[in-house]
Amino acid sequence: MRERSSDSAKLFGSSSRLSISLSTSLSSSLSSRRSFISTSLAALPMLTIGVRSTLAYGSKPEQNWPQFRGPDGRGIAEGFPTAATWNADAQAGKLSGVSWRAEIPGLGHSSPIIWGDRMFVGTAVRLSGKASLRIGYYGDVKAAQDNDEQRWMVLCLDKKTGKKLWERVIRTAKPLTERHEKSSHANTTLITNGRQLVAFFGSEGLYCFDLNGKLLWNKDLGVINNSWHGIGWGYSSSPALFHDRIVLLCDDPKDPFVAAFDLSNGKEVWRTSRKGACEGSWGTPMVVNDGARTQVVTNGWPYIVSYDLQGGKELWRLRGGGDIPIPTPFLADGLIVICNAHGGKSPLFAVRPTAQGDISLKEGSTSNDSVAWSVPNGGSYISTPIVYKGYIYLANFNGVLRCYDFKTAQKIYEQRLGADAACSSSLVAADDKIYCATEDGTAHVIKAGPKLEILSKNQMGEPCLATPAISQGVLYFRTASNVIAIG
């Protein structure tokens with residue numbers, strides 16, 4: 001391991017993601033130093049997985065979105081009304097509902113994150129011209145021709161206006177690995193605990209800043225070539241945080257591993273090989289504490305595996321199905337939700353956090369002592385699903401939206417949103433609405449509940465593969481070239 005000097009990919013964008021697993025509360029005094037205190041989620045008293053989303057500065061609520069899919073990686077932000085209709089595409093008609101638009105240089109599927117009044121996002125800028133992006137539903141798997149010199153950057157914007165507050169160039173070089181045509185060289189989403197900001201771009205390095213953009217430390221982990229059958233597809237697993245630990249999932253098929261690092265200085269705490277357990281994964285790890293232990297849950301093929309955060313020892317494994325595992329695990333109603341797809345199988349699992357050992361299902365079975373329920377062909381391929389008000393919703397790359405009862409796993413509906421509704425972005429929810437951004441730049445707004453009701457189809461004007469952020473009733477969409485605030 002060597003340190004990289006300060007100049008020193010989510011496959012398909014939406015899987016750039018994570019679970020932050022850091023329970024905190026923030027002092028309401030503006031003059032006091034921020035101090036973090038472990039708390040329990042009101043709805044899940046024995047399960048700790050995230051930062052609280054609403055913190056008080058005096059009497060003003062601040063709703064944070066500190067990681068991929070927001071607080072606890074669940075994709076939900078409540079407490080404020082959110083927009084149902086808008087138009088962000090001038091070519092489609094009169095603009096409406098747009099608070100601001102900020103151009104982001106380069107190409108990146110890194111989703112925006114928010115702390116207080118600041119937004120943070122990562123990108124990669126091709127120096128020899130505009131990077132190519134091929135969207136839609138197609139079957140060929142060749143890598144993009146985009147190995148010219150790039151500039152990796154982290155940007156900070158004012159959440160209320162879109163004004164750029166600072167930017168940092170963290171590396172300028174030719175990419176060390178290839179990317180998929182639908183991917184980018186900056187797929188991963190940043191993560192913050194309100195004091196430190198962590199960015200990880202796979203082979204391009206691990207970086208830690210303060211929120212004013214000061215580089216605290218950085219580390220080179222070498223080449224991490226996330227590939228499938230020898231085809232380079234790019235790195236996309238976002239970092240996870242739990243107290244003083246950063247967790248990274250690095251599934252290069254030649255040497256797959258999961259590792260923990262000290263947040264204060266970047267020193268490696270432990271590393272566990274995934275050889276024999278995983279031949280490739282593009283999802284983000286989830287860290288969850290059930291009151292008895294803290295575990296790192298990782299999507300993968302042929303096995304989904306959980307590790308002890310303290311030392312990296314394997315806790316349990318579950319034989320999956322889809323051989324290109326992308327969606328991020330997350331916790332909902334006390335169960336760990338995991339799905340994947342491709343290769344003929346697409347399982348959806350709900351696992352109890354107390355699982356131990358090999359919990360793989362027997363042939364023909366959909367549950368056991370550790371697997372509360374499963375749907376053999378219910379999973380999504382790229383997009384991470386969402387559990388909201390008793391139902392689980394899954395959007396797929398072919399434009400099909402599915403809904404299941406989360407307690408019983410009974411299918412409620414399955415319907416195509418449209419022929420042009422290929423979905424790589426993960427779902428988010430607020431104000432009794434599900435938001436589904438599709439690759440062609442259409443944001444579908446769906447009424448939450450047991451009947452499919454599409455409230456609107458809203459034009460963003462550009463491809464949208466990153467997952468939106470939500471804060472104080474405003475939706476923040478990262479498109480191919482911009483961040484657009486709606487509401």
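Predicted model: local features only at pLDDT ≥ 70, side-chain atom pairs only at ≥ 80, totals over all residues.

Reader: Let us turn to strand E10. Which residues lie on each of its faces?

Author: The side chains of a regular strand alternate between the two faces of the sheet. In E10, Leu206, Cys208 and Asp210 are on one side, Tyr207 and Phe209 are on the other, and all of these are buried. Because 5 of the 5 residues of strand E10 (residues 206–210) are buried, the strand is largely enclosed by the rest of the structure.

Reader: With which strands does E10 pair?

Author: Strand E9 (residues 196–200) pairs with E10 in the antiparallel sense over 5 bridges, and alanine 199 stands opposite tyrosine 207. E10 is also joined to strand E11 (residues 215–219) by 4 bridges, again running antiparallel. In E11, leucine 215 is the bridge partner of phenylalanine 209.

Reader: What lies in the turns of these hairpins?

Author: The hairpin of E9 and E10 has 5 residues between its strands, and glycine 202 in the turn has a positive phi of about 65°. The hairpin of E10 and E11 has 4 residues between its strands, and its turn holds glycine 213, with a positive phi of about 90°.

Reader: Which residues other than glycine have a positive phi?

Author: Most residues other than glycine have a negative phi, and most peptide bonds are trans. Arginine 69 has a positive phi, near 65°; it is found in the loop between strand E2 (60–63) and strand E3 (98–103). Histidine 342 also has a positive phi, near 100°, and is found in the loop between strand E23 (335–339) and strand E24 (348–351).

Reader: Is each of these two residues buried or partly exposed?

Author: Arginine 69 has a relative accessible area of 1% and is therefore buried, since buried means under 20%. Histidine 342, at 29%, is partly exposed.

Reader: Where is there a cis peptide bond?

Author: A cis peptide bond joins tryptophan 301 and proline 302, with omega about 10°. Proline 302 is found in the loop between strand E19 (294–298) and strand E20 (303–308).

Reader: How many aromatic pairs does a search of the whole structure find, and how is one described?

Author: The search finds 10 aromatic pairs. A pair of aromatic rings is described by the distance of the centres and the angle of the planes. For tyrosine 381 and phenylalanine 397, the centres are 5.2 Å apart and the planes are at 75°, so this pair is edge-to-face. Tyrosine 381 lies in the loop between strand E26 (371–375) and strand E27 (386–388), and phenylalanine 397 in the loop between strand E28 (391–395) and strand E29 (400–405), so the pair ties together parts that are 16 residues apart in sequence. Tyrosine 381 is buried, with a relative accessible area of 10%, whereas phenylalanine 397, at 22%, is partly exposed.

Reader: Which rings have a charged end or an arginine over them?

Author: Arginine 69 lies over the face of phenylalanine 330, at 4.7 Å from the ring centre. The charged end of arginine 271 sits over the ring of phenylalanine 257, 3.9 Å from its centre.

Reader: Finally, which residues have the most contacts inside the largest nonpolar core?

Author: In soluble globular proteins, nonpolar side chains tend to be buried together. The largest nonpolar core here has 33 residues, and Trp86, Trp100, Tyr476 and Phe477 have the most contacts inside it. A second, separate core has 18 residues, including Ile386 and Cys403. Ring pairs also link Trp86, Tyr435 and Phe477 into a cluster.

Methods:
Residues numbered from 1 in each chain as written. Heavy atoms only, no water. Core = buried A, V, L, I, M, F, W, Y, C linked by side-chain atoms within 4.5 Å. Buried < 20%, exposed > 50% of the residue type's maximum accessible area, 1.4 Å probe, protein only. Helix = DSSP H or I, 4+ residues; strand = E, 2+ residues; numbered from the N terminus. Pairing = 2+ DSSP bridges. Phe/Tyr/Trp six-rings, centres within 6.5 Å; stacked < 30°, edge-to-face > 60°. Lys NZ or Arg CZ within 6 Å of the ring centre and 35° of its normal.
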